[in-house]
Amino acid sequence: MSDAQSQIADIVGKNDIVLFMKGTPLFPQCGFSSRAIAILDRLGATYETIDVLQDPDIRQGIKAYSDWPTVPQLYVRGEFVGGSDIMMEMFESGELQQLLGVEAG
Amino acid sequence: MPMAASEIERLIRAAIPDARIEITDLAGDGDHYSARVVSSRFAGLGRIKQHQLVYAALGGRVGGELHALQLQTAAPETEKTK
């Protein structure tokens, strides 16, 4: 595994809920990342974020790691959940609340 | 670089022939699209696999040439009434 791949494995292994995104929760740099943050905040979830714009290796690496071409990407307990479209669908169906162990709000 | 909706539809259909495809140009700039794809190929697959099939059909353009594609996928029998 390359450095970036093992770094990503380490991040998703150590954080129960982690969002790879462009920018930060306060200043998302893309509409999709902003939407992902809005969903997590709406659920009152506690999460970590990784700003892929700060690290080109992670930015490219996460695409290969997940076999997924875009950011944001949500990982929960080491499992890839999806991007913001899937998060939105799962939020609307209540699956995301269940996965994150939070009450539907 | 903008990409025509018809080209997106053509690429998806080439890989997933039975797909029912609805494409919306969200911003009218040929660069921000939303697509809804319904195909029997998605039956029994999780959402991640379903989206990966569409991304594969678009051959690496998503996230590059095609900046923003909101995607919704479903198998015909699980399709929700919209």
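Which residues of helix α3 (residues 56-66) of chain A are buried? I found A:I58, A:G61, A:I62, A:Y65 and A:S66. I called a residue buried if 20 or more other C-beta atoms lie within 10 Å of its own, exposed if 12 or fewer, and partly exposed in between, with C-beta atoms placed from the backbone.

Ground rules for these notes. This is a predicted model, in which local features need pLDDT of at least 70 and side-chain atom pairs count only at pLDDT 80 or more, while totals for chains, interfaces and linings use all residues. Residues are numbered from 1 along each chain as its sequence is written, and chains are lettered from A and ligands numbered from 1 in the order in which they are written. My helices (H or I, at least four residues) and strands (E, at least two) are DSSP runs, numbered from the N terminus.

**Helix α3(A)**

I looked down the axis of α3(A): the buried residues fall within an arc of 110°, so they line one face of the helix. That arc is taken over the directions from the helix axis to the C-beta atoms. Next I checked what these buried residues pack against, and got α1 (3-14), β1 (17-21), β2 (48-51), β3 (73-76) and β4 (79-82) of chain A. Contact here has C-beta atoms, placed from the backbone, within 7 Å. After the helix comes A:D67, with a positive phi near 50°.

**Sheet of chain A**

I traced four strands in an open sheet, order β2-β1-β3-β4, with mixed pairing. Strands pair if DSSP finds at least two bridges between them. β2 and β4 of chain A are the edge strands, each pairing on one side only. From one strand to the next the twist averages 25°; axes are lines fitted to C-alpha atoms, and angles run from 0 to 180 degrees between N-to-C directions. I then looked at β1(A) and β2(A), which run parallel and are joined by four bridges. A:M21 sits opposite A:D51 in β2(A).

**Where B touches A**

I have ten residues of chain B in contact with eight residues of chain A. On the chain B side, α2 (47-57) and β3 (68-74) are the elements that give two or more residues. α2(B) provides the largest share, five residues. By class, that side has four nonpolar, five polar and one charged residues. I counted Ala, Val, Leu, Ile, Met, Phe, Trp, Tyr, Cys and Pro as nonpolar, Asp, Glu, Lys and Arg as charged, and the others, Gly among them, as polar.

**Confidence**

Chain B averages a pLDDT of 90, and 93% of the residues score at least 70; pLDDT is the predictor's confidence in each residue, from 0 to 100. Among the elements of chain B, α2(B) has the highest mean (97) and β3(B) the lowest (93). I noted ipTM 0.88 and pTM 0.91 for the model.

Notes. Contact = placed C-beta atoms within 7 Å.
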